[in-house]
Amino acid sequence: MDSLTFGRYAPYNTCVHRLDPRNKILMMVLLLVSIFLRVDTWSTALIFTGVIFLFLIILMIISKVSFIQLFKSMGAMWVFILFLLIIYIFIPNPTYDPTHIAFYIGTYGVNYDAFYQSGYIIFRLILMLMITMLLTSTTKPMDLTYAIEWYLTPLTLLKFPSHIVAMTLSIALRFIPTLLDETQRIMKAQASRGVDFNRGGLFKRIGALISLIIPLFVSAIGRSEELSNAMEARGYDPYGKRSRYRVLRFGWNDLLGFIIILAVFGGMLAAKIIDANFMKIDIIYLIFGAKPLF
Amino acid sequence: MKSVEIKNLTYSYVDSTPVLKGVNLSVEEGEYVSIVGHNGCGKSTLCKLIIGLLVKDSGDIFVNGLELNKDNLQAIRKKVAIVFQNPDNQFIGATVEDDIAFSLENDNVPRDQMVSLVKEYATKVGMENFLTKEPGYLSGGQKQRVAIADSLVRHPDVLILDEATSMLDPSGKEEIHRLINKMREENPKLTIISITHDIEEAYGSDRIVLLHEGEIVLSCLPSELFNNTEIINKYNLSVPFVVELKKKCEELGYNVKDKNTVEELGEMIWQSK
């Protein structure tokens with residue numbers, strides 16, 4: 001169940017936790033876009049992603065997000081990193097400078113640029129991981145569904161049932177822990193009947209898994225029927241008019257947070273435009289007068 | 001005044017023999033009726049029919065004089081609340097407060113009223129300190145207390161308990177029984193229909209209805225039923241502790257005529273020579 005702990009909500013009461021979830025989603029999108037604005041000059045890219053990296057580290061400290069969890073999930077990425085490296089090294093790219101050969105594998109020259117490109121992508125993936133972790137560990141899943149529902153409300157004009165989608169999502173979230181408990185209970189029950197989930201060949205394991213999945217589905221379907229009965233008995237009508245208990249508030253702190261994120265986004269956008277339109281400014285070259293590495 | 005009136009109700013599931021074969025039952029306002037019977041005798045089916053979760057084959061159901069049909073369905077569901085057996089499967093909100101608010105949201109209650117009502121009813125069932133807790137952190141008894149709050153917050157006239165205590169441990173059961181007694185004291189007009197396997201609980205109600213193979217075979221005071229050895233043996237019912245104790249005392253020659261609780265009998269036993 002370790003994979004499920006990624007970005008789990010941590011109930012602290014920091015200023016990031018208190019932000020409006022709608023605002024948090026918007027800010028997350030802005031940050032993600034600013035990360036994936038591609039800057040071609042390597043040192044400009046390094047400095048700007050570095051600034052965002054530091055910014056996120058500060059945010060993580062403020063909102064008490066666990067660094068250990070971040071490292072754990074980064075550890076799970078190593079297969080992906082390896083895969084990226086192999087792709088970038090072995091697929092020839094005409095934009096690589098042919099003079100930047102790091103070493104040869106047989107007769108095939110491995111380009112420095114391949115390391116730069118894959119490193120850049122991996123770094124941005126880590127930043128993306130940090131941003132999503134910041135969102136999910138400071139926002140209750142239920143608040144996220146309310147925010148998603150709010151973003152879907154314009155679609156109600158097109159007869160899209162945004163309320164029903166949000167209700168479905170929130171019930172799914174509500175039952176995850178219940179069904180996890182159930183899974184563990186069934187696993188123990190089957191283990192006591194001699195099913196071995198950890199050993200045996202592929203087919204044996206698939207057989208063991210089936211003995212887990214079938215009872216789990218049967219019970220989940222049974223639960224859903226009882227749940228729908230309970231909802232109906234309490235007067236739930238998906239197409240009726242309902243009032244709302246949870247109200248989302250956009251306050252001053254939200255505005256402030258949004259302005260900060262907007263500034264970061266604007267900075268990245270400016271860097272991108274300058275980099276693409278005017279000259280390939282090498283910031284290190286500008287500041288220190290040193291010669292660019294490549 | 002009749003709170004629930006059922007006339008000649010029949011029902012059968014699609015591919016099987018009839019579950020209810022002409023049930024007639026009328027429950028007075030403020031009455032506490034227990035429905036007992038063995039598994040598969042149609043108790044739960046009866047509840048689901050009263051609240052309109054199942055559609056009857058024939059017969060009539062009236063709640064406060066209002067007939068149950070398609071047009072009146074929502075109106076009747078406002079009058080009748082039900083608490084089901086499994087505490088987990090009727091917890092809809094993410095937290096206790098959301099769950100109580102769910103019923104109110106359905107009734108389109110304005111938000112400021114909702115906030116005070118949620119607090120009020122959580123306090124009534126003794127869950128005011130758990131408002132922001134998720135169901136995973138609550139015991140079965142606490143979850144059932146929330147379920148009762150969910151039902152009562154809509155001001156129903158009839159509360160149906162469909163084996164509401166059967167999945168709880170003894171202390172959870174005790175909690176719920178005490179809560180129900182308190183609710184009745186606060187609102188004497190509240191009608192309670194309790195479906196139960198717990199014979200001690202049934203003994204505490206105003207009337208017992210014995211359902212056997214889809215028919216009502218007996219409807220009488222609890223003391224009448226449990227003193228009727230013939231019926232008890234015929235339907236293989238268990239007997240509450242106090243009745244059994246009374247009988248044993250009688251056999252030993254004590255005068256137990258007006259002793260009706262375990263405490264009274266205990267007093268009598270230790271004072272005897």
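Predicted model: local features only at pLDDT ≥ 70, side-chain atom pairs only at ≥ 80, totals over all residues.
I'll start with the contact between the chains. Chain A puts 25 residues into it, and chain B puts in 35 residues. Together they bury about 2,800 Å². Carbon and sulfur atoms give 47% of that area.

Next, the helices on the chain A side. Those that give two or more residues to the side touching chain B are α6 (141-152), α7 (162-192) and α8 (202-233) of chain A. With eight residues, α8(A) gives the most. If you sort the residues on this side of chain A by class, you get 11 nonpolar, four polar and 10 charged.

Over all chains, the structure holds 20 salt bridges. Between chain A and chain B the count is seven. One salt bridge is formed by the side chains of R174(A) and D88(B), at 3.9 Å from N to O. Where do these two residues sit? R174(A) is in helix α7 of chain A, while D88(B) is in the loop between β6 (80-83) and α3 (96-106) of chain B, so this pair joins two chains. As for polar contacts, 22 residue pairs make them across the interface of chain A and chain B, with both residues at pLDDT 80 or more.

On to chain B by itself. Its domain assignment gives domain 1, residues 2-239, and domain 2, residues 240-273. Taken over C-alpha atoms, the centres of these two domains of chain B are 33 Å apart. Eight residues from domain 1 and six residues from domain 2 take part in the contact.

How much area do domain 1 and domain 2 of chain B bury between them? The value is about 590 Å², with 60% of it on carbon and sulfur atoms. On the domain 1 side, E200(B), Y203(B) and V239(B) supply 73% of the buried area, more than any other three residues.

Across this domain interface in chain B there are zero salt bridges. One residue pair is in polar contact there, both residues being at pLDDT 80 or more. Two helices of chain B, α7 (199-203) and α8 (222-227), each supply at least two residues to the side of domain 1 that touches domain 2. Of the elements on that side, α7(B) gives the most, with three residues. The residues on that side of domain 1 of chain B divide into four nonpolar, three polar and one charged.

Last, the aromatic rings. There are five aromatic pairs over all chains. Among them is the pair of F53(A) and F123(A), which is tilted, with 5.6 Å from centre to centre and 45° between the planes. What does this pair tie together? F53(A) belongs to helix α2 (residues 42-62) of chain A and F123(A) to helix α5 (residues 112-138) of chain A, so the pair links parts that are 70 residues apart in sequence.

To recap the two interfaces: chain A and chain B have seven salt bridges between them, whereas domain 1 and domain 2 of chain B have zero.

Technical notes:
Residues numbered from 1 in each chain as written. Chains lettered and ligands numbered in written order. Heavy atoms only, no water. Domains from an automatic or database assignment. Contact = heavy atoms within 4.5 Å. Buried area = accessible area lost by both parts, 1.4 Å probe. Salt bridge = Lys/Arg side-chain N within 4 Å of Asp/Glu carboxyl O. Polar contact = N/O pair within 3.5 Å; in protein donor to acceptor, adjacent residues only side chain to side chain. Helix = DSSP H or I, 4+ residues; strand = E, 2+ residues; numbered from the N terminus. Nonpolar A, V, L, I, M, F, W, Y, C, P; charged D, E, K, R; others polar. Phe/Tyr/Trp six-rings, centres within 6.5 Å; stacked < 30°, edge-to-face > 60°.
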